[in-house]
Structure formats: C-alpha cells, structure tokens
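This report describes one protein model for a reader who is new to structural analysis. Please keep the sequence and the three-dimensional view at hand while reading.

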Amino acid sequence: MKKILILLAVVTAFTSCKSGSKKKGTDEKSAKTEISLSAAGSTFAGPFYKTAFKKYFDLTGVQTSYGLTGSGAGIRSLKDRVVDFCGSDAFLSDAEAANMPAPVVHVATCSGAVDIAFNVPGIDSIKLDQEVLADIFLGKITNWNDAKLKAINPGVKFPDLAISVVHRSDGSGTTFIFSDYMSKISKEWKDQIGVGKSLNWPTGMGAKGNPGVAGTISSTVGSIGYIGSDYAFAQKISFALLKNAAGNYIAPTIAAVSAAGKGDMPADTRLMETNSTAPDAYPISGFTWIILYKEQAYNGRSLEQAQATVKLIDWMLDPAAQGIAKELKYAPLPDKVVQIDKAILRTVTYNGKPILK
C-alpha cells in the first residue's frame with residue numbers, strides 16, 4: 001500500500017510539472033502575441049510591407065495589419081490617429097506636416113519603379129521618349145499607330161487601335177511620383193496638371209489602387225497606365241523602356257532604380273528621385289516612406305505599443321527585410337540612407353524619452 005501511495009505521488013508530481021511547463025509555454029506565446037499594430041496606405045509598397053510584416057510576425061509574434069488604401073487615405077488615417085503608422089510614396093510638404101496634429105517623421109523603406117504598362121496584342125516592348133509619353137497622358141496622342149510612336153519604335157507594327165489611358169482614381173503616392181516626373185519633362189503638364197496625389201485628368205479612366213490599375217490594363221486591349229513594378233511583374237503586363245535625362249532608353253530594373261537613388265539624401269529623407277541625370281537611371285523612380293508621430297505617447301497608447309511600432313520599423317531597415325524588398329523587385333536602401341533612417345527613429349520618443357538607444 002505504501003508503494004502504491006509513493007507511486008501515485010510521483011505520477012501526480014510529474015503530471016503537475018508537465019502541466020505547469022505547458023502553461024508556461026502558452027503564457028509565453030500569449031505574451032509574445034498580445035501586441036498588434038495597424039497601418040494603412042501605399043499600394044505601391046504593399047507587396048513589400050505585407051511580406052515583411054508576415055516575416056516579422058513569424059520572428060516576434062507581433063501582428064501588423066496593413067490596409068492597401070492608397071497613400072492619401074493612409075495619411076488621413078494617421079492624421080485621425082486610427083493607425084500606428086502609414087505608408088506613403090509622397091512625403092508630406094511643410095504645409096501638410098504643419099496640418100498634422102503633432103510632428104511626424106519620415107522613414108524611407110525602399111525605392112521602386114513606376115512602370116508605364118500597356119496592353120497591345122502582339123507587342124511586348126516599346127520605347128517612349130518624354131514628348132510622346134506626355135502627349136499620350138495629355139490626350140494628344142490617341143491611337144497606337146500615331147506617327148510619333150512609330151518614329152521612335154522602328155520595326156514595331158502598331159495596330160490601328162485607340163489608346164485608353166488608365167490612371168488612379170484615389171489619392172495616390174504612385175500618382176505623386178508619376179506627376180512629379182511629368183512636371184519635370186513637360187511644361188504643358190506642369191502648367192495644366194501639376195504634381196499631386198490626386199489630379200484633374202485630361203483623359204482616361206480611373207481605377208483604385210495599383211491592383212485596380214493593373215487589373216484594368218490587363219483586361220483592356222489598347223490601354224496604357226502607370227503602376228508599381230511588382231504589379232506589372234506579377235500580372236505579366238508589358239512595360240515600356242523610357243528615355244532618361246541622359247538620352248538612354250532604360251527598363252525599370254532594380255539596378256536602374258538604385259542608380260536613380262545614388263544622390264545625396266537630406267536629413268529628413270524627403271527627396272524625389274525622378275528624372276535622375278545618372279546615365280543608367282530609370283527616370284520614374286521614387287522612395288516610399290513610413291510616416292509616424294515623433295512623440296508616441298498619445299491617445300492612451302502604451303509604452304509597449306510605441307516600442308513595438310518603432311522596433312518593427314527599425315527592423316525594416318535591416319538586411320533581412322531589405323532582402324525581402326529586393327526579392328519583390330524593389331531597390332534596397334543605400335547604406336547611407338539606412339543610417340539616416342536609423343538616426344531619425346532614435347529621435348522618436350515616449351513621454352519625451354527616446355524609445356530606441
């Protein structure tokens with residue numbers, strides 16, 4: 001009887017230990033995943049952000065939801081303080097920054113190309129110079145067999161087919177990059193249309209987000225529009241080689257985007273890299289940013305929430321995350337830009353104290 005009691009005691013102790021170990025593991029997992037973040041904005045950078053945020057969740061358990069709302073809507077969400085940060089391909093101007101509830105900082109995360117994608121049966125590649133590109137999007141060239149198109153594309157058999165321009169219908173950082181470039185190469189565009197996230201388009205049909213524009217081009221014969229490179233690649237949409245400032249026709253490759261970003265970067269990272277003079281640069285290249293409040297103690301945010309936000313963005317600058325960007329056809333940040341970004345993040349505070357050392 002005594003032996004039986006001893007055996008029962010041992011079994012009970014073992015079961016209790018095992019149960020305790022299991023509970024401890026469960027508690028650790030719960031603690032690891034109790035912080036969640038929300039963000040919205042850029043569809044241009046969406047594939048990179050969604051993939052990187054999933055990887056970060058696998059590493060840390062911090063869940064980050066990201067809404068592909070477009071840069072304009074993302075900025076509004078940050079202004080309304082309903083997200084932890086936003087993604088934008090257009091930096092805030094001084095006036096826009098002053099209109100935010102509190103100071104914000106910009107952290108460049110990668111750069112990418114805005115492709116001029118098109119859908120013309122039997123044609124996989126064309127060349128576009130500055131004049132022809134502007135004339136198409138100004139509605140002055142309306143047919144694919146136009147003489148100006150033929151002149152810069154000898155040997156290409158263009159059909160007698162109407163051109164359908166596709167543009168963004170929502171507030172868009174991709175539109176900002178595209179229109180910034182167009183304003184640099186065309187005085188008529190600059191005077192009549194200008195630069196912005198939303199424009200008064202002279203021609204064409206609108207679609208929401210990069211996915212919407214890509215889908216419309218893919219399904220509309222005769223169409224042409226501007227989209228982030230990853231969307232053209234993913235949907236196998238043909239794109240144009242563009243004549244750059246040096247006079248060379250350049251494809252939207254990672255190397256060509258990197259070449260456009262080799263210049264000096266200001267201390268706040270707010271820089272447009274379109275129409276680079278580098279001979280090997282793709283002309284419609286642009287940085288994309290994460291924007292967040294410099295002081296993170298607002299709206300009852302906890303220190304843990306603020307720390308999770310800043311640590312995630314800091315990780316986005318590390319080689320592992322930048323490698324994800326490259327895999328998805330974005331250009332990783334130059335080392336000098338990473339260092340500027342990391343310095344900016346170390347100015348972000350909670351109750352006036354830096355979050356990162």
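## Helix α2 and the residue after it

Gly61, which follows helix α2, has a positive phi near 85 degrees. Helices and strands here are DSSP runs, numbered from the N terminus (helices: H or I, at least four residues; strands: E, at least two). The model is predicted, so local features need pLDDT of at least 70 and side-chain atom pairs count only at pLDDT 80 or more, while totals for chains, interfaces and linings use all residues. Residues are numbered from 1 along each chain as its sequence is written, and side-chain values use heavy atoms, with hydrogens and water left out.

Helix α2 covers residues 46-60, and its 15 residues should span 21 Å at 1.5 Å a residue; the end C-alpha atoms are 21 Å apart, which agrees. The expected span is 1.5 Å times one less than the number of residues. Within α2, the buried residues are Gly46, Pro47, Phe48, Tyr49, Ala52, Phe53 and Tyr56. Buried means under 20% relative accessible area, exposed over 50%, and partly exposed in between (1.4 Å probe, protein chains only).

## The protein as a whole

The secondary structure comes to 14 helices and 13 strands. Along the principal axes, the C-alpha atoms fill a box of roughly 105 × 45 × 35 Å. The protein has 357 residues, of which 52% count as buried.

A contact means heavy atoms within 4.5 Å. Among contacts between residues at least 6 apart in sequence, 74% join residues at least 24 apart.

Thr288 belongs to strand β11 (residues 285-293). It counts as buried because its relative accessible area is 0%. A polar atom of the Thr288 side chain lies 3.3 Å from the backbone oxygen of Ser88. Leaving aside residues up to four places away in sequence, Thr288 touches Ser42, Phe44, Ala45, Tyr49, Ser88, Asp89, Val107, Ala108, Thr109 and Cys110.

Lys187 is found in helix α8 (residues 187-192). Its relative accessibility is 63%, so Lys187 counts as exposed. The side chains of Lys187 and Asp191 are joined by a polar contact of 2.6 Å. A polar contact is a pair of N or O atoms within 3.5 Å; within protein, one must be able to donate a hydrogen and the other to accept it, and residues adjacent in sequence count only if both atoms are side-chain atoms.

## Two asparagines with positive phi

Most residues other than glycine have a negative phi. Asn299 has a positive phi, near 55 degrees, and lies in the loop between β11 and α12 (303-316). Asn299 is exposed, at 58% relative accessibility.

Asn351 also has a positive phi, of about 55 degrees. Its place is the loop between β12 (349-350) and β13 (353-354). With a relative accessible area of 59%, Asn351 is exposed.

## The largest pocket

Which residues line the largest pocket? They are Asp115, Ser229, Ala232, Phe233, Lys236, Ile237, Phe239, Ala251, Pro252, Thr253, Ile254 and Lys329. On a 1 Å grid over the protein atoms alone, a pocket is an open set of points where a 1.4 Å probe fits, with protein on both sides within 12 Å along at least five of seven lines; lining residues have an atom within 4 Å of a point.

Helix α10 (residues 229-234) supplies the largest share of this lining, 3 residues.
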